[in-house]
Amino acid sequence: MNKINRNDFCWCGSEKKYKKCHMESDMRLKILSDEVGYEIPKEVIKTEEEIEGIRKASKLTREILDMVGERIKVGVTTEEINTWVHEYTVEHNAYPAPLGYCGYPKSTCVSINEVVCHGIPDENTVLKDGDIVNVDVTTIVDGYYGDASRMYIMGNASEEAKNLVKVAKECLDIGIKQVKPFATIGDIAYEVQKHAEENGYSVVYEFGGHGIGREFHEEPFVSHVGNKGEGMILLPNMTFTIEPMLNLGVPEVRILDDEWTTLTKDGKLSAQWEHTVRVTENGVEILT
Ligand code: MF3
Ligand code: CO
Ligand code: CO
């Protein structure tokens, strides 16, 4: 890293002098990094301006999921859901982040039943009575990302399916509750895994949440399995997602030849909910 002088412009683009902007927080971060024994990258701490951007994108993401919730029902195709999300997004001067991301072909992910995540919408997949459906929406507004997903239950689902969906939501809420300055990613993971396993479910370990900001997937990786005190320390103005995936059977997954669609290895049900959150001075702000 280039050494930056106190009278130089700050690295964050504020056009303020470094000493009037990030100098103090960088010094504090350096001391903390020495204390915890690993480098905490300064990019994980967002500026007020960046947070405002992520907040705006997250608000649109929430509105899109509300809109999907009003329209989704038995008989619609996943392609139709994709069209709703795409059109609503562009009508609001935003861009659907999945479209073209690492070659992903659609504007949202729709994952039904044993599909864990990254289900690709298509016109031949029709929602049926009893399906449990995850719709994952990520929008880009003025260069900032907001990422969230919800489960929707179609008609008369089995008690087994409904309970999995309910416990998955509880796991998200419990994960969010752990978020405060000086807690760690491992504290989130520990409580999520504990609640899932107490209810007889397994937690997917091959995917997790992620830092978010001017990019879709940033540091840190937010594992949903682990132990208290492990992983990166949480500090004010870090922004990341929590998005636990719970399986009825084994936690392992397999990926189809399309390189996206991720299924449970044993073909049993899976459920997921996601929010984008910010660490505040004394707790957490849910942005989506
Ligand atoms: N929205 C997903 C997440 O929560 C990522 C989807 S990547 C895509 O991180 F390309 F499939 F859209
Ligand atoms: Co997502
Ligand atoms: Co995400």
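Me: What makes lysine 46 and glutamate 218 a salt bridge?
Reply: Their closest N and O atoms are 2.7 Å apart. Helices (H or I, at least four residues) and strands (E, at least two) are DSSP runs, numbered from the N terminus.

A word on the model: it is predicted, local features need pLDDT of at least 70, side-chain atom pairs count only at pLDDT 80 or more, and totals for chains, interfaces and linings use all residues. Residues are numbered from 1 along each chain as its sequence is written, chains are lettered from A and ligands numbered from 1 in the order in which they are written, and side-chain values use heavy atoms, with hydrogens and water left out.

Me: Why is lysine 46 called buried?
Reply: Its relative accessible area is 5%. Buried means under 20%, exposed over 50%, and partly exposed in between (1.4 Å probe, protein chains only), so lysine 46 counts as buried.

Me: Is lysine 42 buried or exposed?
Reply: Lysine 42 has 18% relative accessibility, so the label is buried. This residue forms a salt bridge with glutamate 43, the closest N and O atoms being 3.6 Å apart.

Me: Why is aspartate 66 called partly exposed?
Reply: Aspartate 66 has a relative accessible area of 36%, so the label is partly exposed. Arginine 150 is partly exposed too, with 22%.

Me: How many salt bridges does the structure hold?
Reply: There are 17. Glu52, Arg55, Arg278 and Glu285 are linked in a network of them.

Me: How do you know that the chain is as compact as a globular protein of that length?
Reply: The secondary structure comes to five helices and 15 strands. The radius of gyration is 20 Å, close to the 19 Å that the globule rule gives for 288 residues, so the chain is as compact as a globular protein of that length. The radius is taken over C-alpha atoms, and the rule is 2.2 Å times the number of residues to the power 0.38.

Methods:
Salt bridge = Lys/Arg side-chain N within 4 Å of Asp/Glu carboxyl O.
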